[in-house]
Amino acid sequence: MLKAALAIARKDLSLALSGAQGLVQTVLLGLLLIFIMSLSREPGELSPPLAAAAVFWLATAFGQVLVFNFLYGLEEAEGARLGLLLSPAPAQAVWLGKALSGWVLLFCCQMVFAPAAVAFLGQTVAGSPLMGLAVVAAVDWGLCALGSLLGALSVGKSSRESLLTVILFPLLVPALLAGIRLLETVISGRGLEAVGAWTGTVVAFDAVFTAAALVLFPFLYTGEE
Amino acid sequence: MIRLCALAFAAASIIAQYLIWFHAPVEQSMGVVQKIFYTHMPLAWWSTVSFFVNFVASILYLAKRRDAYSRLAGAAAELGVLFSGLALITGMCWARPIWNVWWTWDPRLTTTLVMWFVYAAYLLLRASDVGGQRQDTVLAVLGVVAFLDVPLVFISARYWRSIHPSVLGSQGGGMEPEMWLAVVANLVAMGLFWLALLAFRTRQLGTGAAVTALMRHGSIRN
């Protein structure tokens, strides 16, 4: 399964990065969101680290929806989804492949969002940037596990991509809250005592939705329209 | 069964209302506003039960592929959204005079609101044509995922901060026995109302599906 998943992820990444269409749209939307949110502060005034972290994850959440709509849209042309389903790989390999490629793409987008948030929201990073990368990577996996599962909603003739946002966002609340608090700690260098509890929440979220996706994905990703 | 539950609800609600207004004492610090609690708590409680029924019915649908389970899950989600929405409104009416705010960050409030959002989206999906032929499967998957999220939302919201009173905690919340009787009576009355509505709505959805099948194919399938 892992081999097939890696092949799907490699295929998705090469398609996403060669055209760059999906990635550019995601990056632009995220940058726009961060810029618009920066208008909420007076000139010269600094945004609190908590607000900056919240804006960063808001941009990520919207970006995630675009990324998974794009990734699942790749197989909608020329009946490629049926080809994927007919291949000897298990359906879970498709979920894992999409989750991995989504994870990489989202991480790339965040590497643009992060300096933009620092610049537009007037932040200085007091904590460890390495811890920041680890937090982003860990929270991203939870977002991508759920995003890849529910992204399969956007396949078929009767899909409506805008609905995915309404469904996905409330489900992401635990991961987003943890991400906001942990990133606030990285930016401000304070609140280290709560890192353990929030890390536990992120690990639980990642584990629950990875397990749920492995069980539930074959029900969602079928040849039906 | 629906009639029986409705009649039992009518009788139980008369008793429950009597217990609220004439038997349970007026709470010393909150005054008469505390009486909202006897409606608020059963609404919140039965909304959680609705979401659990949705979860179980969704698993059963995925396992057995019987339309009846999908209809039960749909009816439970509708009741869950209705009851949790009313629990939020009654909670706000209580919070305003007691906490001096309509809304505050609290694990229970936040969890209820997030669940309201999730299941409102579920109903939106149910009303749309998303998923096409596999819509029931899509909804069942969402029903399972949504309920798995409940404990995670609660834990993360609790880490954020909390001021909600733990009324049903191990200390009993400092309630008088008369108050407890009123709480239990209202829980039972609301439960009967919930059961009657759930059975009625499930049957109504079944009838609707049968009529649609008759119109489309000239036959009924279950």
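User: Which residues touch the most other members of the largest nonpolar core?
Analyst: F56(A) and L149(A) do, in a core of 139 residues. A nonpolar core here is a set of buried Ala, Val, Leu, Ile, Met, Phe, Trp, Tyr and Cys residues joined through C-beta atoms within 7 Å. Buried means that 20 or more other C-beta atoms lie within 10 Å of the residue's own, with C-beta atoms placed from the backbone.

User: Which helix gives the most to this core?
Analyst: Helix α3 of chain A, residues 49-73, with 15 residues. Helices are DSSP runs of H or I with at least four residues, and strands are E runs of at least two, numbered from the N terminus.

User: Before we go on, what are the ground rules?
Analyst: This is a predicted model, in which local features need pLDDT of at least 70 and side-chain atom pairs count only at pLDDT 80 or more, while totals for chains, interfaces and linings use all residues. Residues are numbered from 1 along each chain as its sequence is written, and chains are lettered from A and ligands numbered from 1 in the order in which they are written.

User: Back to L149(A). What is it in contact with, leaving aside neighbours within four places in sequence?
Analyst: W95(A), A213(A), L216(A), F217(A) and L220(A). Contact means C-beta atoms, placed from the backbone, within 7 Å.

User: Now chain B. How many helices and strands?
Analyst: Six helices and zero strands. Buried residues make up 41% of its 222 residues. Of the contacts in chain B between residues at least 6 apart in sequence, 80% join residues at least 24 apart.

User: Why does the length of α2 in chain B agree with a helix?
Analyst: Helix α2(B), residues 37-64, has 28 residues, which at 1.5 Å a residue should span 40 Å, and its end C-alpha atoms are 40 Å apart, so the two agree. The expected span is 1.5 Å times one less than the number of residues. Just after α2(B), R65(B) takes a positive phi of about 55°.

User: How many residues does each chain put into the contact between A and B?
Analyst: Chain B gives 29 residues and chain A gives 29 residues. On the chain B side, α4 (107-127) and α5 (135-160) are the elements that give two or more. α5(B) gives the most, with 15 residues.

User: What does that side of chain B divide into?
Analyst: 20 nonpolar, six polar and three charged residues. Nonpolar covers Ala, Val, Leu, Ile, Met, Phe, Trp, Tyr, Cys and Pro; charged covers Asp, Glu, Lys and Arg; the others, Gly among them, count as polar.

Methods:
Buried ≥ 20, exposed ≤ 12 C-beta atoms within 10 Å, placed from the backbone. Contact = placed C-beta atoms within 7 Å.
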